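Biologist: I have this structure open for the first time and would like to walk through it with you. Could you take me through a few parts of it, one at a time?

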Amino acid sequence: MLKGKRILLVIAGSIAAYKTLDLIRRLREQGVAISAILTKGGAEFVTALSVGSLTGEKVYSELFSLTDEAEMGHIRLSRQAELVVVAPASADLMARMAAGMADDLATATLLATDKPVLIAPAMNVMMWRNAATAANLALLKSRGILTVGPNSGEMADGESGPGRMAEPAEILAAVESFFTASGVLKGRRALVTSGPTHEAIDPVRYIANHSSGKQGHAIAAALRRLGAETTLVTGPSMEPDPPGVSVVRITSASEMLAACEAALPAEIAVCAAAVADWRVADPPTAKIKKAAGAPPPRLELVENPDILATLATPGKRRPALVVGFAAETGDVVRLATDKRRRKGCDWIVANDVSPGTGTFGGDRNRVHLISESGAEAWPLLGKAEVARRLAERIAQHFSPVSKHEAAQ
Ligand code: PMT
């Protein structure tokens, strides 16, 4: 499926560059042509000789090289590929991309490109957690830069945590996902919420629920595969970022609302998050102490904003199709049907979250898709399959052909 595609691969300075050699091998096996730029930092970890031997092409590294400019200037380099992949993307290169610098071949090419850019960050855990890196990443994502990883785990420097470059197979999957987006939803923007929210009781405790983010993340991935430019706003979740999706991580319901509003306009909104209905009215900034003999603290709760109902409110910024989820125990279809009307969404996906169903946190889900025209029962399916079917239905909703057919 990747045969005949051309990628521009930028290799920056990180120990993870050794994995890029395996990535090149896997891409070549799929028939991808690769032009590579090796930065000065990248060349400290892998040689131009090994990169060039695997790509079978010249490796570029100098911005002002007469030979290179004659053969392939940086503007041409940036234009002839269909996708630019930066792997590893070091903290330094991300900072220089965010700042719009162009003082070497890699940054000049990235600034000049008119093609989508996918970055695979790789750095020490503290560098990844640094506010400067977080701000640079947020800026790059807001400009449409796609990301894959990083993963968490043991680092080459002995520390452990997030910052490990995604594995070559994951980067390959992100590249495949980019090229295989079928395009039915191309040009449309989608917003998906996922995961739980955490509402602070004090600085160390919070109110939460068992949502894993599996269902919401799968929906974002499925919409992206159909070509939608997708933003996923997720509460705390261990799920990896879906390839090609712009991911915004938040903690509380109020932050989720703000992130969703910032992601508008969108034509499609799918709210699969399990948002806490209440939060503590005024959480103290110091830890609540347990005093001997004192009664347990009483928590005063206030209602959280309803993100789904807010998105579904009629107005200029309302997405054309707003899909909610209903997590019910008991009379699932009736309760979800009422919920659809109350919240003003177009469709609602009802799932039974009674004990023993494993809907929260599990891999499978049995849902009803409820719209104005009634409830449709789907069989027990894997969450990825629920997501795929839902994305297909959304695509049909927007397809002029299906509307025409429906009118026949
Ligand atoms: O994350 P998983 O482990 O994969 O589990 C998936 C899931 C069970 C969480 C998911 O399939 C699901 O049902 N999500 C909705 C959970 C929920 O909070 O349902 P609800 O019936 O309480 O809320 C109804 C709708 O309003 C939902 O779309 C919810 O996102 C939205 N809502 C609720 C409260 C609130 N303050 N803001 C909201 O947007």
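**Helices, ligand and single residues**

Modeller: The expected span is 1.5 Å times one less than the number of residues, and helices (H or I, at least four residues) and strands (E, at least two) are DSSP runs numbered from the N terminus. This is a predicted model, in which local features need pLDDT of at least 70 and side-chain atom pairs count only at pLDDT 80 or more, while totals for chains, interfaces and linings use all residues. Residues are numbered from 1 along each chain as its sequence is written, and side-chain values use heavy atoms, with hydrogens and water left out.

Biologist: How many of the 12 residues of H10 are buried?

Modeller: In H10, 10 of the 12 residues are buried, so this helix is largely enclosed by the rest of the structure. Buried means under 20% relative accessible area, exposed over 50%, and partly exposed in between (1.4 Å probe, protein chains only). Among the buried residues of H10 are Gln-215, His-217 and Arg-224.

Biologist: And what is the phi of Gly-227, which follows H10?

Modeller: The phi of Gly-227 is positive, near 100 degrees. For background, most residues other than glycine have a negative phi.

Biologist: Switching to H8, which of its residues are buried?

Modeller: Helix H8 covers residues 131-142, and its 12 residues reach 16 Å from the first C-alpha to the last, close to the 16 Å expected. Its buried residues are Thr-133, Asn-136, Leu-137, Leu-140 and Lys-141. Seen down the axis of H8, those buried residues fall within an arc of 130 degrees, so they line one face of the helix; the arc is that of the directions from the helix axis to the C-beta atoms.

Biologist: Why would residues three or four places apart point the same way?

Modeller: An α-helix has 3.6 residues a turn, so residues at that spacing point the same way.

Biologist: What covers the buried residues of H8, and what sits on the face turned away?

Modeller: The cover includes helix H5 (91-99), strand E5 (117-121), helix H7 (125-129), strand E6 (146-147) and strand E13 (246-249), where contact means heavy atoms within 4.5 Å. The face of H8 turned away from its buried side carries the exposed residues Ala-131 and Ser-142.

Biologist: What happens at the start of H8, and just after it?

Modeller: At the start, a side-chain oxygen of Asn-130 reaches to within 2.8 Å of the backbone nitrogen of Ala-132. Just after H8, Gly-144 takes a positive phi of about 90 degrees.

Biologist: Now the ligand: which residues come nearest?

Modeller: There are 27 residues around the ligand, and of these Ser-211, Ala-273, Lys-339, Asn-351 and Gly-361 come nearest; a residue counts as near if one of its heavy atoms lies within 4 Å.

Biologist: Which backbone atoms lie by its oxygen atoms?

Modeller: A backbone N or O atom of Gly-213 lies 2.8 Å from an oxygen atom of the ligand, one of Lys-214 lies 3.3 Å from a ligand oxygen, and a polar backbone atom of Phe-325 is 2.9 Å from a ligand oxygen. Taken alone the ligand exposes 760 Å², and the protein buries 96% of that, with accessible areas from the Shrake-Rupley method with a 1.4 Å probe.

Biologist: Where is Lys-19, and is it buried or exposed?

Modeller: Lys-19 lies in helix H1 (residues 17-29) and counts as buried, at 10% relative accessibility. The side chain of Lys-19 reaches the backbone oxygen of Met-165 at 2.9 Å.

Biologist: What about Asn-151?

Modeller: Asn-151 is in strand E7 (residues 151-154) and is buried, with a relative accessible area of 19%. A polar contact of 2.8 Å joins the side chains of Asn-151 and Glu-170; such a contact is a pair of N or O atoms within 3.5 Å, and within protein one must be able to donate a hydrogen and the other to accept it, while residues adjacent in sequence count only if both atoms are side-chain atoms.

Biologist: Last one, which peptide bonds are cis?

Modeller: The bond from Ala-87 to Pro-88 is cis, with omega near -5 degrees, and so is the one from Leu-264 to Pro-265, with omega near 5 degrees. Pro-88 is in strand E4 (residues 83-89), whereas Pro-265 is found in the loop between helix H11 (253-263) and strand E14 (268-271).
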